Amino acid sequence: MAVPPAPTRPHQVAVLALDGVVSFELGIPSRIFDSARGPGGEALYEVTVCTVDGRPVRTEAGFSVAVDHGAEALAAADTVVIPPTHSLGSMAEGGPLPGPVAAAFEGIRPGTRMVSICTASYVLAAAGLLDGRPATTHWCDAAAFARTFPRVDVDPGVLFVDDGDVLTSAGAAAGIDLCLHLVRRDHGSAVANRAARHCVVPPHRDGGQAQYIERPVPEPTLASTAATRAWALGRLQEPLSLGEMAAHARMSLRTFTRRFREEAGMTPGAWLTAQRLELARQLLESSDLAVDLVAHRSGFGTANSLRQHMRSVLGVSPVAYRRTFQVAARG
């Protein structure tokens, strides 16, 4: 089995804080990437927070952030992450990057992975990096963003969009999901799950999950589907039907489907597929089970079904996925 060479240095992540930066999202990349560790506890990422000129910037919360680095950090980065700012200026109306920001962007090496959190999508769009690409932003701003940048294929409903070397996320906590997704993409589920546990956050929310869920916490007088979701997680190998899940929840099919979508942000079928795919990924990373057996244990039934789902969602076959990540997962 061919294996990727071990990294000789941590992956360099530069976080660009613009004036008016939102403080919560500013801290997400450092928290997630610093928690991602190799089998010997070694750092897999090195995170540098910078501004365009190395000077402090004001946050939206009314305090300033002093940094140790300027735009030179962008030139050394493998990944650049831009948190949202409440001071978009003319970019909010489709204008170009401000001069200092444009000058800083000129130092970014070709092939650098570009990431925006929340409305920092305006910054990437103003730089022309989202033209002709799929992208997302906070659902409150999605309609205005689509009007402002008509060349961007905006998906207002998802948590994040991975378009290879350019990734965008929805608001606030979706930045956590996107950073964990990057760790999972780079080093596999085992490393990402450990980072999530360290940060006490959910280990995996798929990018296609709805970013706006009508009732994430059910009203006290209403029954929840949470117990049925926990029950189903222990039975992913079985061919669970919608009727069986509704019966377990003691609801009609119509009520169960509606309430499930309100609480989980997706249909029961889509949720089951996502959970089975996550289980299959973990089995491929952490075991030598044959692909047929992985497909059976994760509830896909056949290797062909698993292969189709993995190619559709991840763009790779089970064999290619295992080849990339199994060594890292074993530690």
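Methionine 251 counts as buried at 13% relative accessibility, where buried denotes under 20% relative accessible area, exposed over 50% and partly exposed in between, with a 1.4 Å probe and protein chains only. The structure is a predicted model, in which local features need pLDDT of at least 70 and side-chain atom pairs count only at pLDDT 80 or more, whereas totals for chains, interfaces and linings use all residues. Residues are numbered from 1 along each chain as its sequence is written, and side-chain values use heavy atoms, with hydrogens and water left out.

Methionine 251 lies in the loop between helix H9 (242-249) and helix H10 (253-264); helices (H or I, at least four residues) are DSSP runs, numbered from the N terminus. Not counting residues up to four places away in sequence, methionine 251 touches Ala223, Ser224, Thr225, Ala246, Phe256 and Arg259, a contact being heavy atoms within 4.5 Å. The C-alpha atom of methionine 251 is separated by 9.3 Å from that of threonine 225, 26 residues apart along the chain.

Serine 298, located in the loop between helix H12 (291-297) and helix H13 (303-313), is buried, with a relative accessible area of 0%. Leu236, Arg276, Leu279 and Ala280 are touched by serine 298 when residues up to four places away in sequence are not counted, and the C-alpha atoms of serine 298 and alanine 280, 18 residues apart along the chain, are separated by 5.4 Å. A polar atom of the serine 298 side chain lies 2.7 Å from the backbone oxygen of valine 294, and a polar atom of this side chain lies 3.3 Å from the backbone oxygen of alanine 295.

Key:
Helix = DSSP H or I, 4+ residues; strand = E, 2+ residues; numbered from the N terminus. Polar contact = N/O pair within 3.5 Å; in protein donor to acceptor, adjacent residues only side chain to side chain.
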